[in-house]
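Subject: Structure for your review

Dear colleague,

Please find below the structure that I am handing over to you. My notes on it follow directly after.

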Amino acid sequence: MTETPTRPAGTIRLTTAQALVRFLSRQYTERDGTRQRLIGATWGIFGHGNVAGIGQALVEYADEMPFHQGRNEQAMVHAAVGYARQRGRLATHAVTTSIGPGATNLVTGAALATVNRLPVLLLPGDTFATRPADPVLQQLEVPYAGDVSVNDCLRPVSKYFDRVTRPEALIPAALAAMRVLTDPVETGAVTLALPQDVQAEAYDWPEEFFAERTWTVRRPAPDPRELAAAAAAVRDARRPLVVAGGGVHHSAAEDALREFADATRIPVAATQAGKGSLRHDHPADVGGIGHTGTATADELARTADLVIGVGTRYSDFTTASGTLFEATGVRFLNLNIAPFDGHKMAGTTLIADARAGLEALTQALRGHRVEPAYAVEYGDDKERWEQRVDAAFAADEPDVRPTQTQVLGVLDELVTDEDVLINAAGSLPGDLHKLWRARSPRQYHVEYGYSCMGYEIPAAIGVALAAPERPVWALVGDGTYLMNPTEIVTAVQENLPIKVVILQNHGYASIGGLSESVGGERFGTAYRFRAPDGSYTEGPLPVDLAANAASLGMRVLRAKTIRDLREALREARDADRPTCVYVETETADTVSGPPPAQAWWDVPVAETATRVSAVKAREEYDRHVTARRRHL
């Protein structure tokens, strides 16, 4: 008679998937004495590769791991990213998918998370580790490598990747995944590829694996020598300028930045990710910087002798493709927790947490202020810019169709510190960066590191889950809406009162304008409608996006005039269910539109062409590109 093996003492027999779900439910972060759960919930779309593994485990531990049902794998990642950003990177969600197309749909969302340094845990199903059949459904056959699957396309967009081919391999893999998710330098998308047979395989897990574990999110202080050099650089500067990036928000350094600005009177410009680091009405706030920035910030950048980057990675929009910081001898001081970013622009480095670094630098500069004339100069420029914003926002004729900027102006009249605005693509990011008056640190949520069309609605769901007490607005153009509207169903299912504003201008207006400026003549950027006779005309398509949103379960308010818009936005803000405001916008050609770009952006133009538009665009390009410089 064969004896049944006894389970080792101090172990629990579970499947790999059950062990992973239970492990994730017991992970916490801690910063500044505040502890919270790391993985707040799991998103999932079930199919071949995860339904019998992770799916069963989520049923087994439903009381420990909340579950959200998505409609699109990419959108589930966006929702998790929105949640993580709203929670200051201290909490996130996991996302599980089937193998094959379900897994590859994660790639765009993973890239967005990693580019923006935001944590998200991806759990795609994978093909059999034991290979009982070969090939199996949805298996990519690679002639030169038997261990490659479609999940390997997630490697370059993940900050950590592992394929768990044995149950016991989950222990080091899961711990490594948590380490990366909670590392303020290395965080981003983390992928644990889970072969479907391994998910269902049982193993005797050590009980310690399931003990509650708290991951400390560090606040490294600056090195004393770097701090002394940084303080000296600031004292020597006559026209310093702070560029506040997303790192200010990630480290909750807004109060420290305000105290630094109050003490030194140094003006503060903001990247897309850093906007809202100071309130719009703070005397030192000079608005967005770079290609989509304000005239005030960009003129200060052109004459700055010291640029103090705080938590920024210096994208090409921020630097105007290397043409913005043009003063002779301009130097850079980079306060950043990541050495990779701190060394950009050949800057003097201050490697530290943004809040810790700002507090130390403020103390080291005690008594130092910029010359009063400099503060008066940028204060006057700021006031002149605000007058331009007022003109763009002005909506004094209630019975006309609004422009896009007038939509923003009406919304500006309505919101309070509590509202959150979400956007990612099209012409709205530029208008928002230049014009929006951010009232609180978490109000301005524009994803412009990856500028992913279709981000807004699922991200709004994530933000609403992270901050249910705040009104959440997803601002989308018609092109973006057509990319990814399906998560409206999820908002309806979860009864999340997000507010979706669809701005219908019947085409890809942003890229159309860019196409025109670079000699592309707006080709392929307007909607083309094929008539019964086979001919094509450009213009509005015979579709109704408002009706589409209504068919997905949203309450829809149509606004034809500025008067309608005011009423609809107010009603949407007060709504306790998902609500859409649909408005067709007037072109800026007929009324006052947003101020033009205040700085250049490098989009290479055809070097040789016969069409006049492209030849002229190339001449303009050559004129700008000569101003580019490398800061060494």
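This is a predicted model: local features need pLDDT of at least 70, side-chain atom pairs count only at pLDDT 80 or more; totals for chains, interfaces and linings use all residues.

An open sheet is formed by 6 strands, whose order is β19-β18-β20-β21-β25-β24, with parallel pairing. The edges are taken by β19 (444-446) and β24 (555-559); each has a single partner strand, so one side of each is left without a neighbour in the sheet. On average, and with direction ignored, neighbouring strands of this sheet are turned by 20° against each other.

Helix α16 (residues 404-414) touches β18 (420-423), β20 (472-477), β21 and β25, and its direction makes about 175° with that of β20. Helix α18 (residues 456-466) packs on the sheet through β18, β19, β20 and β21; the direction of α18 likewise makes about 175° with that of β20.

As for individual pairings, β21 (residues 499-504) and β25 (residues 579-584) run parallel and are joined by 6 bridges. Within this pair, Leu503 stands opposite Val583 of β25. Strand β18 is joined to β20 by 3 bridges, in parallel, and Val420 has Val472 of β20 as its bridge partner. Strand β18 also pairs with β19 in the parallel sense, over 3 bridges; here Asn423 stands opposite Val446 of β19.

Is β18 covered on one face or on both? Both faces are covered: Val420 and Ile422 are buried on one side, and Leu421 and Asn423 are buried on the other.

Salt bridges

The count of salt bridges in the model comes to 39. Three of them are described here.

Arg258 and Asp255 meet through their side chains in a salt bridge of 2.8 Å, N to O. Both residues belong to helix α10 (residues 254-264), where they are 3 residues apart, about one turn of the helix. Arg258 counts as partly exposed, at 33% relative accessibility, and Asp255 also counts as partly exposed, at 47%.

A salt bridge also links the side chains of Asp419 and Arg573, at 2.8 Å, N to O. Asp419 lies in the loop between α16 and β18, while Arg573 lies in helix α23 (residues 562-574), so the pair ties together parts that are 154 residues apart in sequence. Why does Asp419 count as buried? Asp419 is buried because its relative accessible area is 0%, and buried means under 20%.

Arg628 and Asp602 form a further salt bridge between their side chains, at 2.1 Å, N to O. Arg628 is in the segment after α24 (612-625) and Asp602 is in the loop between β25 and α24, so this pair ties together parts that are 26 residues apart in sequence. Arg628 counts as partly exposed, with 34% relative accessibility, whereas Asp602 is buried, with a relative accessible area of 18%.

Yours sincerely

Terms used
Residues are numbered from 1 along each chain as its sequence is written. Side-chain values use heavy atoms; hydrogens and water are left out. Two strands pair if DSSP finds at least two bridges between them. Helices (H or I, at least four residues) and strands (E, at least two) are DSSP runs, numbered from the N terminus. Axes are lines fitted to C-alpha atoms, for helices over the stretch in contact, and angles run from 0 to 180 degrees between N-to-C directions. Contact means heavy atoms within 4.5 Å. Buried means under 20% relative accessible area, exposed over 50%, partly exposed in between (1.4 Å probe, protein chains only). A salt bridge is a side-chain nitrogen of Lys or Arg within 4 Å of a carboxyl oxygen of Asp or Glu.
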